[in-house]
Amino acid sequence: MSARPGSRSRTASSASSTSSSIAKDDEGNIGFDRVIDLSTTTSYTLTFRWSLITWAGANDIPVMDAIKGTGKNDAGNDISASVTAIYGWDAAGQKWLGFFPAGVNVPGANDLTALKTGEAYWIAITGPSSVTWTIATNVD
């Protein structure tokens, strides 16, 4: 039995109606019956003065998004008021790159512009207590 374009044959219709848990549209099965959010979170405990972390969040995320809990880190929390500096090593340039939240509008103050997944960063916070930094992971 052949079907006209845009219509279904009786056989195709009855075969697809047996899978009631799969979403359908006018063309047939879409393949998903629910959205699964695979993003998760990780938390770092940053101690007074300096902490060394390995970034597990979104690759190439702007530093300000990372510490404010915005953009690809929207499942994270805002620690920007506690951070005084972040340093990362630029292996290609053989130099340290820095980010200073207080120097965002100071030309040349911030040459660390993005955090890269798997890279290590030194983060300085104000004290005297520690800060828990929750970040979104598995977002790329």
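Buried, on this tour, means under 20% relative accessible area, exposed means over 50%, and partly exposed is anything in between (1.4 Å probe, protein chains only). The model is predicted, so local features need pLDDT of at least 70 and side-chain atom pairs count only at pLDDT 80 or more, while totals for chains, interfaces and linings use all residues. Residues are numbered from 1 along each chain as its sequence is written, and side-chain values use heavy atoms, with hydrogens and water left out.

**Stop 1: colour by confidence.** pLDDT is the predictor's confidence in each residue, from 0 to 100. The chain averages 80, and 71% of the residues score at least 70. Now select residues 1-21: pLDDT stays under 50 there. Where pLDDT is low, the predicted coordinates should not be read in detail.

**Stop 2: the ring pairs.** Rings of Phe, Tyr and Trp (its six-membered ring) pair if their centres lie within 6.5 Å; planes under 30 degrees apart are stacked, over 60 edge-to-face, and the rest tilted. A search of the whole structure turns up five aromatic pairs. Select Trp55 and Trp133: their ring centres sit 5.4 Å apart with planes at 35 degrees, so this pair is tilted. Trp55 is in the loop between strand S4 (49-54) and strand S5 (61-62), and Trp133 is in strand S10 (residues 131-137), 78 residues apart. (Strands are DSSP runs of E, at least two residues, numbered from the N terminus.) Both Trp55 and Trp133 are buried.

**Stop 3: Tyr87 and Phe100.** How are these two rings, Tyr87 and Phe100, arranged? Their centres are 5.7 Å apart and the planes stand at 85 degrees, so the pair is edge-to-face. Tyr87 belongs to strand S6 (residues 83-90), and Phe100 to the loop between S7 and strand S8 (114-115). Tyr87 is partly exposed at 28% relative accessible area, and Phe100 is partly exposed at 27%.

**Stop 4: Ala85.** Stay in strand S6 and click Ala85. With 5% relative accessibility, Ala85 counts as buried. Ala85 and Phe100 are 15 residues apart in sequence, yet 4.7 Å apart in space, C-alpha to C-alpha. Show what Ala85 touches (heavy atoms within 4.5 Å), not counting residues up to four places away in sequence: among them are Trp50, Phe99, Phe100 and Trp122.

**Stop 5: Trp96.** Finish on strand S7 (residues 95-99), where Trp96 sits. Trp96 is partly exposed, at 47% relative accessible area.

Conventions
Helices (H or I, at least four residues) and strands (E, at least two) are DSSP runs, numbered from the N terminus.
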